[in-house]
Amino acid sequence: MPAVKPKPNKTLLLDRETCISCAGCVGTCPDLALDMFGVDLQVFQDKCTYCTICVRFCPVGALSIVKTAPAAPTPSASGAPPAGLAA
Amino acid sequence: MPQSTAYDVVVIGAGPSGSLCARNLASKGYQVLLAEKRPVVGVPVRCGEATGRRARLSRFMTVNEEYIETDLNGVILHGPGGVSVRYDKDDVGLMIDRAKFDQDVARQAQRAGAELCVSTRIEGISPVKNGIRELTLVDEITKAKSVITAKLVVGADGVESLSGRWVGLKTRQLPPQVCSAIELRVDAMDANPNHLTFWQGHESVNKGYVWVFPKVKSGVVNLGSGVLTPKLGEKNMYDLSMEYKDRLFPDAKVLEVHGGAVPVSGNMEEYVADRFVLCGDAAHHTNPLTGGGIISGILGADIASTWIDAGFKAGDLGKEFLQQYQRDCWVQFGKNHRYQMRIRDFVVDLPLPAQTAFYRIFQGMVKGNLSMPSKFLGYTRMLGLAAGNWKTTKKAFFT
Ligand SMILES: Cc1cc2nc3c(=O)[nH]c(=O)nc-3n(C[C@H](O)[C@H](O)[C@H](O)COP(=O)(O)OP(=O)(O)OC[C@H]3O[C@@H](n4cnc5c(N)ncnc54)[C@H](O)[C@@H]3O)c2cc1C
Ligand code: SF4
Ligand code: SF4
């Protein structure tokens, strides 16, 4: 296992309303941080390195990377935005 | 849940290639499990639903009229500079209902004796131990986990394939060699209901194309677009498809939106391991020029099943033996895919005036009643081979 690097203050946001569950992003992620469960895309934030590949790929623009405040709580594995981010 | 815990072959994914492979192996008497994570095979559809000629399909199965939507008798290609190429010929291909098609092939597998389990996700594959691989299986409804064993695993888990990566193969979809694609099901009928229509080039979409495929039986058209992975901030495929929809069918309703990834990297170097083979989209068997993966996926799966059977008979399911499957695929379609990829890169790299000229030549060839596919492929092969691609040609001649 590689040494755990400190996480950058970023979050991969998934807009579930926009996502069409095409699963295309899953195969493009270099870090196995995405998987499709039924029609539910799961983002494993702990694996994500914020490389933006899936963001570029997504044909509907449902994924985005946002900066989070340094003190922001760790987002849950479900990819839900951390509290305070939902505008 | 599967009825047994030990199988000869476990096939991951009941897409066309997985089901066909399962069918062939089950009919040869092997005990086969076909595991599909979706609750219903083939749904949702992630496909433009155009495929090859009846004769090609019937090499592998009895064609069932139930899933045939349109008998195609031509192609219209709108290139740059207002150059359009129209090619009319009977029986150039078929439009199918992919959900029904996938279900039909899965049923064939079941009839041959394979056990189909839906809502069954494979979550991991162990290294080979005592001549078997262990697979972790999750029931998607109860979330219960269990372990089953297989003497050989077939990864036919499509473009989202992770199975190859679990056993250490480098099968990731590497941008830009993966197409980001969208498809709208539009409640309208095209003016040319028996033709496939494409838009390609600098004036529409260069590193990909827009398509209109009519499904006559259902009375809808598939309007979609796909492009090599765009750069950050470029227009997404949904917006582009909607522009075309508003232009072509302004009043029609969009019934469904689908999307997906199309692997267009051409053949991979390595897609077998000890007691493990990949086929279909998971093995990047998709045609890198057209993005069509139904027929080549099926062909690959057919070849895979032949070699797996041979491996069982020879008592050797090691990587070296299974590499013969890779070599066979290379000969039967891999080589051709590499040529087509060169043609694609050649056309895409041409600047607008040269691209327009290229389309004019192509138009002339088609109008001249040449046997289009063979002559065109022949010419462009020569061009593509000689030039490699436009950038190197330019370097050689103009600098
Ligand atoms: C928008 C779009 C348009 C297209 N248009 C065309 C076209 O017009 N013509 C054409 O020929 N091709 C087209 N293609 C390509 C074509 O759809 C694919 O090449 C084809 O589906 C590949 O078949 P497959 O059997 O390899 O994989 P798939 O059909 O993708 O099947 C893979 C199956 O594996 C299942 N699976 C994945 N992971 C697991 C797991 N861990 N456990 C259990 N099951 C799993 C999936 O749920 C899926 O059902 C298009 C693709 C897209 C995205
Ligand atoms: S940003 Fe990169 S690492 Fe993170 S999920 Fe997307 S592709 Fe994977
Ligand atoms: S690529 Fe976009 S639309 Fe497709 S599953 Fe991923 S987030 Fe959803």
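Tutor: A polar contact is a pair of N or O atoms within 3.5 Å. The model before us is predicted. With that cut-off, a backbone N or O atom of B:Arg46, 3.3 Å from an oxygen atom of ligand 1, qualifies.

Student: Which backbone lies 2.6 Å from a nitrogen atom of ligand 1?

Tutor: The backbone of B:Ile294 has a polar atom 3.1 Å from an oxygen atom of the ligand. The contact with a nitrogen atom of ligand 1, at 2.6 Å, belongs to a backbone N or O atom of B:Ala50.

Student: How much of the accessible area of ligand 1 does the protein cover?

Tutor: On its own, ligand 1 has 1000 Å² of accessible area. Of this, the protein covers 94%.

Student: Which elements give two or more residues to the shell around ligand 1?

Tutor: The shell holds 32 residues, and B:Ser17 and B:Asp281 are among the closest. By class, 12 are nonpolar, 11 polar and nine charged. The elements that give two or more residues are, in chain B, helix H1 (16-27), strand S7 (120-125) and strand S14 (254-263).

Student: Is B:Asn222 buried or exposed?

Tutor: B:Asn222 belongs to strand S13 (residues 220-228) of chain B. Its side chain makes polar contacts with the side chains of B:Glu49, at 2.8 Å, and B:Arg185, at 3.0 Å. Buried means under 20% relative accessible area. The relative accessibility of B:Asn222 is 0%, so B:Asn222 is buried.

Student: In S2(B), which residue is the bridge partner of B:Val9?

Tutor: Strand S1 (residues 6-12) of chain B has six of its seven residues buried. S1(B) pairs in the parallel sense with strand S9 (residues 145-155) of chain B over six bridges, where B:Tyr7 stands opposite B:Ala150. S1(B) also runs parallel to strand S2 (residues 32-35) of chain B, joined by four bridges. There, the partner of B:Val9 is B:Val32.

Student: How many nonpolar residues does the shell around ligand 2 have?

Tutor: The residues around ligand 2 include A:Cys29, A:Cys48, A:Cys51 and A:Cys54. The shell also has two polar residues and one charged residue. The number of nonpolar residues in the shell is nine.

Note on methods: Residues numbered from 1 in each chain as written. Chains lettered and ligands numbered in written order. Predicted model: local features only at pLDDT ≥ 70, side-chain atom pairs only at ≥ 80, totals over all residues. Heavy atoms only, no water. Near = heavy atom within 4 Å. Polar contact = N/O pair within 3.5 Å; in protein donor to acceptor, adjacent residues only side chain to side chain. Areas by Shrake-Rupley, 256 points an atom, 1.4 Å probe, with all protein chains shown as cover. Nonpolar A, V, L, I, M, F, W, Y, C, P; charged D, E, K, R; others polar. Buried < 20%, exposed > 50% of the residue type's maximum accessible area, 1.4 Å probe, protein only. Pairing = 2+ DSSP bridges.
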